[in-house]
Amino acid sequence: MNDKVVLPVWTIGLFIVVMNTTMFNVSIPSIIQDLHITADLGSWVISSYSIGYALSTVIYSRLTDTVPIRKLLLVGLLVLGLSSILGIFARDFHILLLARILQSAGAGVMAGLGLVLASRYVPLERRGSAIAMISAGSAMAFGLGPIVGGLISEYLGWNGLFAVTVLVLVILPILLRLLPKETALPFQFDMLGALLTVVNAATLLLAVTQMSFIWLAVSCLSFLLHAWHMRRGKQSFINPDLLKNNAFRKLVVIGFCILVLNLGNLFLMPLVLANLHHYSAMQIGLTIAPGAVLSAFLTRFVGRWIDQYGNLRFLLIGHTILSFVMLGFCTVLGSSPMIILLGYICFSPAFSATIASLNNETSRILPKELIGSGMGLMQLIQFCGGSISVAVCGILIEIQKKSSLLQSYRHVYSLLLVVGLVSVGMLLWYKMSVAEKAAI
């Protein structure tokens with residue numbers, strides 16, 4: 001496989017898919033008004049996609065252990081493209097929600113298979129650059145999504161957002177031609193395990209978003225059932241060998257924390273700019289965009305540096321920058337919108353470097369036969385961390401009605417700072433264990 005051609009094309013597709021998660025944020029008020037629905041129903045346009053995206057990511061990744069990547073890509077992008085066409089013509093909430101759920105079922109193929117492709121076919125000495133490119137595509141999509149969404153919604157309406165995602169059908173034949181041909185292996189798919197994974201994630205997110213002890217109890221029960229199923233199954237959907245890997249468990253915690261910081265910050269920044277500085281959706285997007293653009297520009301250098309100096313060094317550098325940005329937001333937030341601009345200029349490249357280093361380190365410690373399931377599980381936990389982060393940030397702001405908005409935002413950023421410091425501690429623990437193994 002010519003990774004110098006395949007991965008840039010793949011990154012374009014991933015950029016479109018990830019941007020689809022943020023374009024709709026700025027259009028929610030218009031959707032609520034046009035379809036005459038409540039805010040609670042409108043939020044499901046975002047949350048249903050996020051949950052489905054996370055779950056489909058791990059399913060596609062798990063299937064790569066036995067099903068050829070080309071076949072999975074064909075199914076995923078066809079589902080994504082055709083459901084996007086359905087969304088263009090959606091005129092009521094139920095069709096819109098169906099289109100978003102179907103989109104999420106196909107969208108996970110780009111995130112799930114991208115890291116597997118890089119881990120499986122890119123030599124170790126260039127793998128850091130490859131994964132950094134994929135990560136930068138995601139980071140830039142997060143930043144530019146609000147701008148693109150604002151422009152399209154303003155001039156074409158929210159239905160026009162679906163037209164952007166239809167573009168994945170253009171790159172599908174290109175990727176099918178370029179990707180290596182693989183042989184399918186015999187495999188008995190663990191449907192019950194996959195279903196339990198879906199129930200685990202969905203009930204946990206519902207417990208958080210609804211602040212429901214009933215859903216929390218259901219979630220705990222589903223996790224216990226899944227643990228019992230894994231103990232008795234021969235080819236369980238979540239490979240138990242992954243959970244026995246001490247290094248992998250530590251990296252999973254780090255990945256969870258990193259996405260908590262990223263999506264929590266991306267949720268809070270627009271609120272701060274809109275409510276404290278009275279910025280429009282377009283101004284918010286333009287404030288966030290420079291950090292995303294810088295992150296994409298630095299991709300080639302960050303990837304090269306990761307390959308040259310190692311994953312752990314950049315994990316530590318990235319964590320340090322992320323924590324300092326959170327500390328800055330805790331203390332000087334609200335004094336000027338330039339704080340957000342400058343903070344995200346530092347935050348976005350640091351996040352891209354951190355997540356690229358993390359994914360590269362994960363692919364390094366996993367045996368080849370566990371890369372598909374391992375990278376998929378890592379991404380599932382990351383996205384769950386991001387989804388939980390957004391829900392918790394919203395809840396914390398809501399329950400601080402007696403405080404000023406500025407104080408509420410600073411308090412939430414203080415919590416994100418604590419999460420960042422926990423991740424730093426886990427990273428140092430992981431680094432010590434690696435050093436101990438090297439010394440033996």
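Analyst: Let us begin with the second largest pocket, whose volume is about 450 Å³. This is a predicted model, in which local features need pLDDT of at least 70 and side-chain atom pairs count only at pLDDT 80 or more, while totals for chains, interfaces and linings use all residues. Residues are numbered from 1 along each chain as its sequence is written, and side-chain values use heavy atoms, with hydrogens and water left out.

User: How is a pocket told from a cavity, and what does the volume stand for?

Analyst: Rolling a probe the size of a water molecule over the atoms shows where empty space is left. On a 1 Å grid over the protein atoms alone, a cavity is a set of points where a 1.4 Å probe fits but cannot get out, and a pocket is an open set with protein on both sides within 12 Å along at least five of seven lines; lining residues have an atom within 4 Å of a point. Grid points are joined across faces, edges and corners, and a volume is the space filled by probe spheres set on the points.

User: Which residues lie nearest the centre of the second largest pocket, and which elements line it?

Analyst: Of its 19 lining residues, N200, F223, L377, L380 and I381 lie nearest the centre. Two or more lining residues come from each of α9 (191–210), α10 (213–232), α12 and α17 (371–398), helices being DSSP runs of H or I with at least four residues, numbered from the N terminus. The largest share, 5 residues, belongs to α17. The lining divides into 15 nonpolar, 3 polar and 1 charged; Ala, Val, Leu, Ile, Met, Phe, Trp, Tyr, Cys and Pro count as nonpolar, Asp, Glu, Lys and Arg as charged, and the others, Gly among them, as polar.

User: How many cavities of 30 Å³ or more does the structure hold, and what lines the largest?

Analyst: There is 1 such cavity, and the largest cavity contains about 50 Å³ of space. Its lining consists of A132, A136, S295, L298, T299, V302, P349, S352 and A353. Helix α16 gives the most, with 3 residues. By class, the lining has 6 nonpolar, 3 polar and no charged residues.

User: Is N359 buried or exposed?

Analyst: N359, in helix α16 (residues 337–365), is buried, with a relative accessible area of 3%. Buried means under 20% relative accessible area, exposed over 50%, and partly exposed in between (1.4 Å probe, protein chains only).
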